[in-house]
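Hi there,

Here is the structure I promised to pass on to you. Have a look at it first, and then read on for my notes.

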Amino acid sequence: MTFTSFKFLIFFPLIVLFFNLVPKKYRLYYLLAASYTIYGLLQPAYLLLLIASSIITYSFGVWIDKTEDDEKKHKIMIGGILLILLPLFMFKYYNFINESIISLLGYIGISVSLPAIRWLLPLGISYYTFMSIGYLVDLYNEEVEVEKNPCSVALFLSFFPIVFSGPIERAGHMFPQISRMDRSKPSDLVAGAKMMLWGYFMKLCVADRLSLYVNAVYSNVEINNGSSLGLAALLFPIQEYGDLAGYSLIAIGAARCLGFHIIPNFRRPFFAKSISSFWRRWHMSLIQWLTDYIYTPMAYALRSKKSWGVVGALMVTFLVSGIWHGATMTCVVWGLMQGVLLSIESLTLNKRTAFETKYSLEKKWWYNLICIVCVYLIFAFSEIYGMSSSFQNSNAIVNKILFDHGPLFLHPTSLILGFFATSILFFKDIREEYFPKAFSNTNNYVKITLYICLFLYILLFGVLDGGQFIYLQF
Amino acid sequence: MDKKVIIEKLTPIFREVFSDPNLVLTDELTANDVDNWGSLTHMTMMAEVEQTFGIAFKLKELKKLNTVGELIEAIQTKA
């Protein structure tokens, strides 16, 4: 039951309706039952894994809280994290490590065979694993209070709008909301519905429409020329943005209809003027998580090395980010690319700031535009490796883009509708980025009419055949 | 250690690390008030502070420091 399925559109309003009818003291159990039912309908066997992770998280949380000695607390936290990471390792990374060892030994002439695991990846495992780890670390750092109700911990990890693909929430932000759980306010219902509608537009009209062109080109690299591959490479970040940010908005909007305020995940990333600024706007909940639980402890441990300590921490952080996105060597290289780019920015930050201040470049529109275009092109290039499963494929794409030009492969319907929907999306983003007060006094009737138009546009021009979300594969 | 002495020693560190020669330290000053005070420069600043005052912070302690005033208090406790 994904967000774009017909079942979800039927059941979701009913879930919201009953949430508001159920007495307050039973709402926690009601939402937990709803979340487990939705998860169980998709992957019944792995529901047990989710429950087991919740029990471990709850038990280790209570254990950390009851322990006085700081060193012992630290050991319990590490033990809990290792236990929580075990299923993620087994399901997602076991085969990757096996295959890496086999090919490494193969290079030096040793032939070995290691048993492989061919199980389906449990949905949302990367997300709820990170949320569990965040809770235990925050508890150890005394940044959150222990949660004594096991059902609250279970709901935190299984809350159906966010369990499958995030945003990656924090215990300190979610537990107070779980313990409050009042009836949905009319303003929450309206705001939630608006976010969901906009999310569906981004997913069905921008991402899925552009994907018809991008997939057609990328899945036939050998017969397409560099011009078509170049256009696909330029469109892919927009497709990804529509897919990932659209999914996040639907999730945040669905949670809002139940009165929950979920942390944002995207903030107009294509207006970033530097790679570091881009990563503060793109998949923000993951990057903030990585910053808090990987980058900061690493940078702290390496602080005596000053700038080089920061570089080391950045490289490790984005290596983890790459591996999180996929258990392939191309994802590892993608992560390292981001790490190198951010390290260069970090090492040159002071000189760049001084140069920009000296010539007042930050106030010049052409300088900002150049920065924005450069960041986009760099990201689009890195995604040729990020989205591919092999270097051979990525290198062939890059090679053709550079040296094999010719007439463009055109798919007029996808391109025209895709560009039109993208221009609506960018119009909204430009307004929010540069003219936040524009149209703020627009008449309510006009606003309602526009939302009805958006709804009709989705029905008429959206790709409504249940396309999969990119985030679900993580 | 006297608060005034701590501020005198902290000011050049902050100005150097955050590339702001006119930065004035106040108790209420936070990372949000200084342009170049991000996660990248924060650790460099803390390493300089530890070296200058001959002290060491645990990550847990460091995370609780939100303002310059809290940093000064922490230095007073340790130095």
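Predicted model: local features only at pLDDT ≥ 70, side-chain atom pairs only at ≥ 80, totals over all residues.

Most peptide bonds are trans, and most residues other than glycine have a negative phi.

A:E142 has a phi near 60 degrees, a positive value in a residue other than glycine. You will find A:E142 in the loop between α5 and α6 (150–158) of chain A. Is A:E142 buried or exposed? A:E142 has 12 other C-beta atoms within 10 Å, so it is exposed. The other residue is A:M181, which is not a glycine but has a positive phi of about 35 degrees. A:M181 belongs to the loop between α8 and α9 (186–218) of chain A. Because A:M181 has 19 C-beta neighbours inside 10 Å, it counts as partly exposed; the cut-off for buried is 20 or more.

Now to the overall layout of chain A. Domain 1 of chain A brings 24 residues to the contact, and domain 2 of chain A brings 23 residues. On the domain 1 side, α1 (6–21), α4, α5 (125–140), α7 (160–163) and α8 (171–180) of chain A each supply at least two residues. The largest share of that side, five residues, is from α5(A). By class, the side of domain 1 of chain A that touches domain 2 has 15 nonpolar, six polar and three charged residues.

Which residues touch the most other members of the largest nonpolar core? They are A:F156 and A:A232, out of 129 residues in that core. Helix α10 (residues 226–257) of chain A gives the core its largest share, 17 residues. Both domain 1 (6–182) and domain 2 (188–473) of chain A contribute residues, so the core lies between them. As for the neighbours of A:A232, setting aside residues up to four places away in sequence, A:A232 touches A:Y213, A:V214, A:V217 and A:Y218.

A:F156 takes us to α6(A), where A:V153, A:A154, A:L155, A:F156, A:L157 and A:S158 are buried. These buried residues of α6(A) pack against α2 (24–42), α3, α5, α7 and α8 of chain A. One residue of helix α3 of chain A to show on screen is A:Y58. A:Y58 counts as buried because it has 23 C-beta neighbours inside 10 Å. Apart from its neighbours within four places in sequence, A:Y58 is in contact with A:P150 and A:V153. By contrast, A:S388 is 330 residues from A:Y58 along the chain, and 38 Å separate their C-alpha atoms.

Staying with α3, how do α3 and α4 of chain A pack? Helix α3 (residues 44–66) and helix α4 (residues 70–107) of chain A meet at an angle of about 175 degrees, with their axes 10 Å apart. α3(A) is therefore roughly antiparallel to α4(A), the cut-off for that being over 145 degrees. On the α3(A) side, the contact includes A:L49, A:I56, A:F60 and A:W63. On the α4(A) side, A:I76, A:M77, A:L83 and A:P87 are among the residues involved. By class, this contact has ten nonpolar, three polar and one charged residues.

Finally, the chain–chain contact. 20 residues of chain A are in contact with twelve residues of chain B. On the chain A side, α12 (284–301), α13 (307–325) and α14 (329–358) each supply at least two residues, and the largest share, six residues, comes from α12(A). The residues on the side of chain A that touches chain B divide into seven nonpolar, nine polar and four charged.

How values were computed. Residues numbered from 1 in each chain as written. Chains lettered and ligands numbered in written order. Contact = placed C-beta atoms within 7 Å. Helix = DSSP H or I, 4+ residues; strand = E, 2+ residues; numbered from the N terminus. Nonpolar A, V, L, I, M, F, W, Y, C, P; charged D, E, K, R; others polar. Core = buried A, V, L, I, M, F, W, Y, C linked by C-beta atoms within 7 Å. Domains from an automatic or database assignment. Axes fitted to C-alpha atoms, helices over the stretch in contact; angles between N-to-C directions. Parallel < 35°, antiparallel > 145°, perpendicular 65-115°, else oblique.
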